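I opened this model to look up its overall form first. After that I picked a single residue and looked up its surroundings.

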Amino acid sequence: MELRHLRYFAAVADTCHFGQAAATLHVAQPALSYAIRQLESELGVELFTRTTRRVALTVAGEYLQGEARRILDGVDDAMHGVRRIAEGRSGLVRVGLTGTAAFSHLPVMARAVKRELPDVALQIEADMLTPAQCDGLRAGTLDLGLLRPPAVGDDIEVRIVEQERLALVVSADHRLAVEPVVSMADLRSEPFVMYENRESAVNEAVIRSCRAAGFAPRRDHEAPGTAVLLALVTAGLGIAVVPSSVRALPLQGMVIRDLADAGTIDLALARRAADDNPVLAAVIGVVEAAFAASVLGPDVGTAT
């Protein structure tokens, strides 16, 4: 059964008039009549009763009318969906987020995608350090990463979207909690809580800032992710130096202070270099525009 024959049948079934159906389809009436006879011959049934004055559906024709409409609607929906995917307007994008970005940047990202690309769904994996995101991108389990450069390994394309200052996080009863601004030198004798992954871009930025102040950080505790790191700091096991977007995550017992002479750390969108998915390209364009229009970074949220 050809799809063309099914469309011809549906047009005649809707009008019960070969002339009107032919005009709607922009085909000659004899060609339409021949196509319907071909369809009836293929099915081995009569779909219409025809007289010189009237065309009517048979019982079999009434059944096929409903099925034809369902099939043709499904074909039209599929064609529409394929075109929207090819245009980058519909689909699924799997996103990995580093640390506090789930709180500071994800709301901006998700709101922009919902507004500009309502038929695109985001599947989120949060609190992923840069090495894990790069592994996910290469393995194809992630399509897009929001991470701290540099990317780990080859074939990852990175676009910087923000540069953040580093900030100090201490427990509410820590001696530095009462200081409005702290210098890196004030942290010389402090126990640090750092990420356990030695390839962490945040760790490297912290070490650079400490060395610039003339000391190496004393790594007393390690955490697999940001949630655990902040919990250990809040429990008083040490201090942490993290991107200032941590301000988007107020936690009871946690105090955030500016660091006068700390360095900065980049935040970037990352994708597989060879990925030509139009949906991904559309999402990246929307997200970059949303980040550029938003006030993020050091002033996100309110310090405790």
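I call a residue buried under 20% relative accessible area, exposed over 50%, and partly exposed in between (1.4 Å probe, protein chains only). By that cut-off, 45% of the 304 residues in the chain are buried.

The model is predicted, so I kept the limits in view: local features need pLDDT of at least 70, side-chain atom pairs count only at pLDDT 80 or more, and totals for chains, interfaces and linings use all residues. Residues are numbered from 1 along each chain as its sequence is written, and side-chain values use heavy atoms, with hydrogens and water left out.

Overall form. I looked up the secondary structure and found 10 helices and 12 strands (DSSP runs numbered from the N terminus; helices are H or I of at least four residues, strands E of at least two). I then looked up the spans of the C-alpha trace along its principal axes: about 100 × 35 × 30 Å.

Contacts. I took contact as heavy atoms within 4.5 Å. Among contacts between residues at least 6 apart in sequence, 73% join residues at least 24 apart.

Thr98. I found Thr98 in the loop between β3 (90-97) and α5 (101-104). Is Thr98 buried or exposed? Thr98 is buried, with a relative accessible area of 5%. Leaving out residues up to four places away in sequence, I listed what Thr98 touches: Met128, Leu129, Gln133, Leu146, Leu147, Arg148 and Leu267. With Met128 I also noted an atom pair: the Thr98 side chain reaches the backbone oxygen of Met128 at 3.5 Å.

How values were computed:
A polar contact is a pair of N or O atoms within 3.5 Å; within protein, one must be able to donate a hydrogen and the other to accept it, and residues adjacent in sequence count only if both atoms are side-chain atoms.
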